[in-house]
Structure formats: structure tokens, C-alpha cells
Amino acid sequence: MTRRRDRDQDAQRKAPLLFITGMQREAACCESDGVVIICSGANVQHLRQQLADLENQKFSFVLSVGLAGGLDPSLRPGDILIANAIAENDTLSPTDRRFVQALTEGISACGDRVVNGAIYGSDSVVMSVEEKARLYAKTQAMAVDMESHIAADFARRRQLPFVVLRVISDPAHRALPPLALKAITPQGDVDLKAIALGLLQAPGQIIELVRAGIDSQAAFKRLSGCRTLLSPLLRLMLADL
């Protein structure tokens with residue numbers, strides 16, 4: 001019985017890592033051998049269905065990774081949040097402390113600014129400065145995304161270690177332009193046709209769109225810099241469990 005349990009645990013540790021993102025560009029920043037990546041396309045129902053389709057597949061670890069909106073006014077584009085908890089509605093659920101510490105130490109050693117705190121899971125895009133301020137006052141979460149709370153639930157049901165690494169894109173003082181709601185396809189790609197059509201109909205959004213693009217460029221640059229560290233650090237931690 002002990003040998004069988006040991007074999008099962010060894011097989012579990014060697015199973016693929018599951019990375020959950022919102023966009024294909026985020027996924028491209030995190031690609032690595034032994035990693036399965038799924039994109040929500042900024043659609044929580046689509047993400048839940050994708051995870052349901054993976055119900056019978058084995059994984060060793062779940063990581064919510066990508067960009068996030070800032071709620072804490074002290075955060076700037078490019079800051080890295082390794083969340084120690086998921087805030088959803090009125091609940092606060094911790095992530096895996098061991099992996100939070102390992103990722104924080106490993107990525108901080110490269111000179112990046114890394115902070116720890118809660119991230120809020122939302123079923124819809126948080127667009128306005130006022131809504132960001134309201135969420136921050138209510139939850140004290142440092143950032144918001146649309147995937148981490150769903151990823152946390154999947155990991156909890158599968159009894160898998162789970163952590164969140166998100167890079168701040170739009171900061172707390174910056175609103176997203178209305179076009180952000182149409183900018184992502186269900187597959188997680190940028191919908192250039194929808195953006196072009198939206199700008200033709202409401203050209204006044206272009207300034208906000210350019211600002212959002214500058215913020216996201218800083219975030220993507222930082223996320224790409226984490227690529228070579230993520231999978232090796234997580235595998236090293238899993239081997240020590």
C-alpha cells in the first residue's frame with residue numbers, strides 16, 4: 001500500500017503544470033515544456049467550461065498568471081503581485097504559502113519589484129477608477145483579475161497547490177476605455193477589427209487606448225522576464241514536497 005501511494009504521489013508531481021491566463025499574449029509569455037496553458041478570453045463561463053473539459057486530466061500544480069488591474073494606489077504598471085490570498089465576494093481564501101515564498105524570493109532576486117497581498121476575483125472587467133476604489137476599500141485586495149478565483153476553485157477541488165502571479169497593467173488611478181470590453185476574442189486574441197470599428201465610432205477613446213497600451217507594454221515586458229524562472233522554480237518546489 002505504501003509503495004503504491006508513493007508511486008501515485010511521484011506520478012502526481014511529474015504531471016503537467018496548469019497555467020491559467022486571460023489572453024494569448026499572456027500565454028506566450030509563459031510557454032514552457034510540461035505546461036498546459038488555457039486562456040479565458042476575458043469570459044468566465046468560457047474558462048469554467050475549459051476547466052470542466054480538463055476534469056479527468058492530471059496536473060501537479062495550478063498557477064493563475066498574467067496581467068491584472070491595480071486596486072492599491074501604490075502599485076504601478078510592471079509591479080508583480082504574488083498573491084497570498086484570493087478575495088471573492090466576502091470571503092478570503094489563502095494560496096499556497098510555500099510557493100508564494102519561493103516565487104517571491106526567486107523573482108525578487110532578479111531585481112523586480114514584487115509585492116504580496118490579496119487579489120480580487122471578478123466575473124466582469126473592472127473598468128472605472130471609482131469601481132477600483134470601491135473594491136479596494138471593501139476588500140483591501142491589491143489587484144483584480146477575472147481568472148484567479150476560478151483557478152483557485154479548480155485547484156481546491158483537485159487538492160492541488162495553487163498560487164497567483166499577476167503583473168499590474170492598468171493602475172488604480174487609470175480607467176479602461178470602453179473598447180476594452182470588445183478588445184479580446186473568446187480565444188484570448190486581440191480583436192483588431194473590433195478595436196478599429198470602435199475607434200471609428202468613438203475616436204475620442206484613442207487617448208485612453210494609447211495610455212492603456214503603454215501600461216500593458218510595461219506589464220508584458222515584466223511578465224516575459226519571469227518566463228525562464230516560473231517552471232523551474234515550481235518544479236523544484238514540487239520535488240521537495
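Me: I'd like to start with the largest pocket. How much space lies in it?
Reply: In this predicted model, the largest pocket holds about 890 Å³ of space. Its lining is made up of 34 residues, and the closest to the centre are Met23, Leu67, Leu176, Ala180 and Ile184.

Me: Which helices and strands each supply at least two residues of that lining?
Reply: They are helix H2 (24-28), strand S3 (61-70), strand S7 (143-145) and helix H8 (206-225). The most comes from H8, which gives 7 residues.

Me: How does the lining of the largest pocket divide into nonpolar, polar and charged residues?
Reply: There are 19 nonpolar, 8 polar and 7 charged residues in it.

Me: Now for Asp112. Where is it found, and is it buried or exposed?
Reply: Look in the loop that runs between helix H4 (97-108) and strand S6 (114-121). A residue counts as buried when its relative accessible area is under 20%. Asp112 has 17% relative accessibility, so it counts as buried.

Me: Which residues is Asp112 in contact with, leaving aside neighbours within four places in sequence?
Reply: Those are Ile80, Ile107 and Arg222. With Arg222 there is also a polar contact of 3.3 Å between the two side chains.

Me: And how many disulfides does the structure hold?
Reply: The count is 0. For a disulfide, two cysteine sulfur atoms must lie within 2.5 Å. For Cys39, the nearest cysteine sulfur is that of Cys30, 9.4 Å away. Cys110 is in no disulfide either, with the sulfur of Cys226, its nearest, 7.8 Å away.

Me: Is Cys39 buried or exposed?
Reply: Cys39 is buried, because its relative accessible area is 7%.

Notes. Residues are numbered from 1 along each chain as its sequence is written. This is a predicted model: local features need pLDDT of at least 70, side-chain atom pairs count only at pLDDT 80 or more; totals for chains, interfaces and linings use all residues. Side-chain values use heavy atoms; hydrogens and water are left out. Helices (H or I, at least four residues) and strands (E, at least two) are DSSP runs, numbered from the N terminus. Buried means under 20% relative accessible area, exposed over 50%, partly exposed in between (1.4 Å probe, protein chains only). A polar contact is a pair of N or O atoms within 3.5 Å; within protein, one must be able to donate a hydrogen and the other to accept it, and residues adjacent in sequence count only if both atoms are side-chain atoms. Contact means heavy atoms within 4.5 Å. On a 1 Å grid over the protein atoms alone, a cavity is a set of points where a 1.4 Å probe fits but cannot get out, and a pocket is an open set with protein on both sides within 12 Å along at least five of seven lines; lining residues have an atom within 4 Å of a point. Grid points are joined across faces, edges and corners, and a volume is the space filled by probe spheres set on the points. Ala, Val, Leu, Ile, Met, Phe, Trp, Tyr, Cys and Pro count as nonpolar, Asp, Glu, Lys and Arg as charged, and the others, Gly among them, as polar.
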